[in-house]
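Hi,

Here is the structure I promised to pass on.

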There are 4 protein chains.
Amino acid sequence: MTVRYKLGCELTYEIKGPTVFIFNLEVAKLRRHIDLVERLTIQPDRPLRTYTVPDVRNRYFSLEAGAGPLELRYEAEVTLDVYRADPATIRETPVAELPLDIMPFLLPSRFVSSDRLAAFAQREFGHLEQGHSRVTAICNWLYDHIDYRRGASNEQTTADESLLLRAGVCRDFAHIGIAFCRALNIPARFVSCYAYGLEPSDFHAVFEAYLDGRWWLFDGTRQANLDGLVRIGVGRDAAEIAFSWPFGEMEPGKVQITIEHVDGSPEAPGRTTDAISTEEPAPNAGAR
Amino acid sequence: MTVRYKLGCELTYEIKGPTVFIFNLEVAKLRRHIDLVERLTIQPDRPLRTYTVPDVRNRYFSLEAGAGPLELRYEAEVTLDVYRADPATIRETPVAELPLDIMPFLLPSRFVSSDRLAAFAQREFGHLEQGHSRVTAICNWLYDHIDYRRGASNEQTTADESLLLRAGVCRDFAHIGIAFCRALNIPARFVSCYAYGLEPSDFHAVFEAYLDGRWWLFDGTRQANLDGLVRIGVGRDAAEIAFSWPFGEMEPGKVQITIEHVDGSPEAPGRTTDAISTEEPAPNAGAR
Amino acid sequence: MTVRYKLGCELTYEIKGPTVFIFNLEVAKLRRHIDLVERLTIQPDRPLRTYTVPDVRNRYFSLEAGAGPLELRYEAEVTLDVYRADPATIRETPVAELPLDIMPFLLPSRFVSSDRLAAFAQREFGHLEQGHSRVTAICNWLYDHIDYRRGASNEQTTADESLLLRAGVCRDFAHIGIAFCRALNIPARFVSCYAYGLEPSDFHAVFEAYLDGRWWLFDGTRQANLDGLVRIGVGRDAAEIAFSWPFGEMEPGKVQITIEHVDGSPEAPGRTTDAISTEEPAPNAGAR
Amino acid sequence: MTVRYKLGCELTYEIKGPTVFIFNLEVAKLRRHIDLVERLTIQPDRPLRTYTVPDVRNRYFSLEAGAGPLELRYEAEVTLDVYRADPATIRETPVAELPLDIMPFLLPSRFVSSDRLAAFAQREFGHLEQGHSRVTAICNWLYDHIDYRRGASNEQTTADESLLLRAGVCRDFAHIGIAFCRALNIPARFVSCYAYGLEPSDFHAVFEAYLDGRWWLFDGTRQANLDGLVRIGVGRDAAEIAFSWPFGEMEPGKVQITIEHVDGSPEAPGRTTDAISTEEPAPNAGAR
């Protein structure tokens with residue numbers, strides 16, 4: 001079952017001096033993102049440089065803005081064709097079988113000091129049966145032990161700190177989840193997305209774990225449906241994933257995100273119990 | 001002028017239980033690494049999986065070892081054809097011209113919290129003339145302000161901590177140098193290498209900064225010659241670069257590194273004042 | 001020369017539920033605080049518990065407030081009789097001669113991790129001539145290397161962090177100064193005070209170093225005159241010194257501080273070059 | 001029931017250059033430490049300066065040592081008359097009733113960042129019935145969640161870090177326990193002691209919580225009997241409590257601790273379920 005979404009964002013800035021922006025807010029060019037139509041409007045008009053990351057298909061565009069207001073509007077329609085599976089059938093991939101290009105997602109990163117959380121993860125999750133259900137157990141633990149609280153963290157907060165504070169927002173839930181996975185030798189990465197049903201509407205962050213040869217979506221916040229996430233970017237953690245990197249002097253203004261069903265699209269399902277993936281397995285996964 | 005090196009390493013482990021290893025200790029397959037001949041011997045013999053990272057050409061191999069001793073010997077000969085330039089001619093690349101695939105090296109990473117060091121870097125280096133000389137000034141600052149001291153750090157020490165401790169080893173010098181560069185919007189990355197002249201012989205870590213369209217080598221420790229570095233791997237920081245990642249129970253034993261001139265090879269030069277690079281510029285750098 | 005000050009503060013709170021407050025905002029009962037007259041008004045009236053710390057004479061009062069507004073007004077007049085000396089005559093006290101009851105001020109504390117800054121302090125100040133001038137050199141270093149910037153820190157910021165951020169407010173300047181002193185085996189402590197000339201008017205924080213048998217005032221911010229500081233409290237660091245500790249649910253409102261000369265009082269001097277102390281030496285200092 | 005202990009320590013150092021030592025290893029001069037006889041021998045003989053802290057009765061002595069070997073032997077006999085009570089009768093002291101001189105033990109300190117653990121403590125222990133049993137619940141949590149592991153920490157490890165590492169030694173268990181107590185508005189402090197039954201014999205660290213008008217002993221490690229602890233010192237945390245602070249160049253040698261029953265003394269009891277205290281309540285506790 002596929003669902004067609006209409007989504008987008010509007011961003012405004014007040015530029016004080018020459019500022020270079022790099023943006024990552026367009027829908028990722030995935031095979032399961034079908035019939036993507038989109039429009040990007042920038043006022044005043046500026047020439048763009050663009051880049052799409054091989055494999056993961058994150059899309060970046062960059063522009064230079066001079067003093068004055070800058071408005072950016074992105075509108076897209078896309079049909080999301082999620083891949084579903086029975087969680088009970090999804091095993092963990094032993095390290096001995098991990099594609100070596102996935103190894104970076106086993107390693108600690110700026111906000112995910114998994115190297116310091118090995119004992120914590122072993123103590124809480126080491127005894128659990130391996131597989132998709134173990135990462136679900138991590139998400140349940142997050143939901144039970146961490147408060148979702150705006151303002152609890154800032155853009156420099158690490159998984160360690162969130163774990164001690166017992167509070168955070170979506171990025172922090174994702175960081176802790178990723179940290180626990182990596183500490184258990186499960187590759188995990190940070191995902192930014194448009195999220196159907198998120199209240200209030202905003203960019204959302206979840207995480208993916210690599211199990212049984214492909215990446216599966218997880219969200220410890222329970223704020224949106226896993227099968228209603230339209231992916232923007234993936235990376236090691238929030239240090240690599242932002243919708244905007246400004247280099248210069250400016251003041252951010254409005255950030256407005258929307259996502260809705262396209263009329264006539266079948267109803268989105270309620271919270272699914274399926275395992276959900278939106279990226280195809282690498283053709284040679286496991287064969288390397 | 002090229003120099004031919006004979007180099008290698010011997011590693012031993014005592015394996016306690018089934019252990020998967022990933023190694024990154026082979027000479028990188030760069031165009032400027034000429035006539036590479038090499039031999040890898042593993043006792044007892046084990047099947048290998050291998051992977052070479054596109055572009056940067058890091059080489060990884062992975063194996064599973066059972067209980068008992070494991071010995072690994074790598075021997076190679078390679079002619080190093082460094083690229084030299086007059087530092088005075090090398091400008092910084094403005095963010096507006098940076099290839100977007102290089103952006104990750106502007107971002108903070110596990111051991112390089114450049115996001116917290118913006119004011120520090122601005123205060124110390126913000127007023128200096130831009131270009132290769134500014135990164136050299138960073139290296140001079142490192143040499144003057146940080147003590148090279150074995151045991152001052154461990155495998156979890158960050159650039160922040162080293163900066164406060166005012167002491168570290170080669171990895172820490174590299175981390176601080178990278179942090180300052182990134183904080184100044186100069187892309188920078190961590191480099192592991194065999195280093196001619198390093199005493200005592202060991203794996204060495206230095207860093208590269210992206211200036212004027214290519215990556216240039218820097219070393220704040222002054223422990224080896226920049227034009228005598230045979231590269232193994234590059235990455236965001238030491239979290240991504242190690243000669244060995246063991247997953248399992250084992251005890252490391254001997255780590256012995258050698259590097260020498262091949263007989264008949266011209267004398268290695270003394271400490272150079274040239275700017276040194278060993279990686280070709282991307283063909284389309286700046287064009288993206 | 002003595003100067004008479006009229007000073008005070010007004011604080012308001014909106015109490016949401018039963019809240020216990022401990023306050024430390026009254027003028028310390030020092031011998032050099034002469035002819036202290038004061039009035040404390042609390043609306044609505046509440047019974048107080050009070051406590052004065054032996055020796056250092058910090059004064060605390062505690063009260064319980066119920067839901068509703070709470071207003072507190074403290075007014076005082078005091079003649080400040082600072083002790084002055086020629087800095088050139090003030091040596092450092094060798095550890096071998098330090099009164100043992102002063103030892104706690106050599107040790108690291110919550111916001112002053114002097115144990116991690118030994119090398120930093122040695123590198124910057126270890127070679128300087130010992131004495132009052134060395135602590136002045138620390139203050140000059142603070143003024144030159146750290147930006148005074150509101151909002152740069154919060155109530156959990158440590159000296160380490162401020163040193164990396166190169167920015168802070170008065171508490172942070174005091175913390176770094178204390179850290180460097182302790183790292184050099186000079187006892188140092190945190191001081192809260194009313195500060196004549198501070199703009200905008202606020203509670204101020206400075207630090208004291210123990211040299212040659214008594215405590216001397218220092219301020220790396222250069223925001224107020226050392227001989228115009230009317231002391232409230234001293235402690236290891238800001239973890240021990242606050243004007244108010246609320247236990248309960250409330251919202252702070254107004255915080256208004258005033259300090260001015262009493263009419264007819266001689267003009268306050270400009271920035272002094274004298275060494276300034278407001279606490280008598282312990283009668284048996286050095287004899288223990 | 002009282003028990004008489006014979007205890008002591010032997011310490012050796014190799015002094016490289018003039019070194020000042022401050023020691024805190026003598027039995028505290030408490031009223032419940034009865035018939036204390038002791039002998040301190042230092043080779044070579046050195047003049048001592050001594051200091052006993054008012055109220056808590058920590059005892060310090062200081063000496064200067066020149067180059068060469070230094071040997072220190074402390075021998076003591078003391079009858080320990082612990083105070084016992086039924087835990088069920090011990091309530092928590094509301095903040096409104098806390099003697100104000102105890103407030104420092106509510107505040108965060110170098111290794112006890114209780115200010116960052118408020119939510120953690122509330123989540124785990126906030127719902128439990130108040131009283132001695134709640135601190136026992138904290139100790140049980142420590143025993144269940146933290147591994148006792150030598151080498152897991154160093155002298156700069158904080159409660160935060162131990163909580164993430166899920167491992168530590170006695171000082172770390174004490175730090176976490178203290179942190180949780182303070183986060184719950186229960187005053188708590190660090191205690192160093194000779195501990196009967198500790199294997200292998202060593203200085204031990206436990207903590208005390210202030211409940212119902214007096215200090216009660218707690219130990220999350222379960223390594224020794226609470227009624228077999230002969231107290232040396234109390235302080236905010238391990239930053240204030242060490243058996244030795246050397247200022248100078250030296251190398252520590254032997255550290256040998258002994259504690260045994262004096263012949264004829266009644267058998268020490270097994271692990272007690274009584275609440276245990278060794279310090280008298282302040283005569284005016286609660287009256288201030």
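B:Pro246 touches B:Thr19, B:Val20 and B:Phe21, if you skip residues up to four places away in sequence; contact here means heavy atoms within 4.5 Å. B:Pro246 sits in strand E14 (residues 244-247) of chain B. Helices (H or I, at least four residues) and strands (E, at least two) are DSSP runs, numbered from the N terminus. With a relative accessibility of 33%, B:Pro246 counts as partly exposed. On that scale buried is under 20% relative accessible area, exposed is over 50%, and partly exposed is in between (1.4 Å probe, protein chains only). The C-alpha atoms of B:Pro246 and B:Gly233 are separated by 17 Å, and the two residues are 13 apart along the chain.

Before you dig in: this is a predicted model, where local features need pLDDT of at least 70, side-chain atom pairs count only at pLDDT 80 or more, and totals for chains, interfaces and linings use all residues. Residues are numbered from 1 along each chain as its sequence is written, chains are lettered from A and ligands numbered from 1 in the order in which they are written, and side-chain values use heavy atoms, with hydrogens and water left out.

Over in chain C, C:Ser192 belongs to strand E10 (residues 188-195). Is C:Ser192 buried or exposed? C:Ser192 is buried, at a relative accessible area of 10%. Leaving out neighbours within four places in sequence, the contacts of C:Ser192 include C:Asn24, C:His204, C:Val230 and C:Arg231. C:Ile232, C:Gly233 and C:Ile241 are also in contact with C:Ser192.

Next, the helices of chain C. (The expected span is 1.5 Å times one less than the number of residues.) H4(C) is largely enclosed by the rest of the structure, because 14 of its 14 residues are buried. Just after H4(C), C:Asn185 has a positive phi of about 65°.

Helix H2 (residues 132-145) of chain C packs against H4(C) at an angle of about 140°, with the axes 10 Å apart. That makes H2(C) oblique to H4(C). Axes are lines fitted to C-alpha atoms, for helices over the stretch in contact, and angles run from 0 to 180 degrees between N-to-C directions. Under 35 degrees counts as roughly parallel, over 145 as roughly antiparallel, 65 to 115 as roughly perpendicular, and the rest as oblique. From the H2(C) side, C:Val135, C:Ile138, C:Trp141 and C:Leu142 meet C:Phe173, C:Ile176, C:Gly177, C:Phe180 and C:Cys181 of H4(C).

Finally, the chains. Chain A and chain C do not touch, and their nearest C-alpha atoms are 12 Å apart.

Cheers
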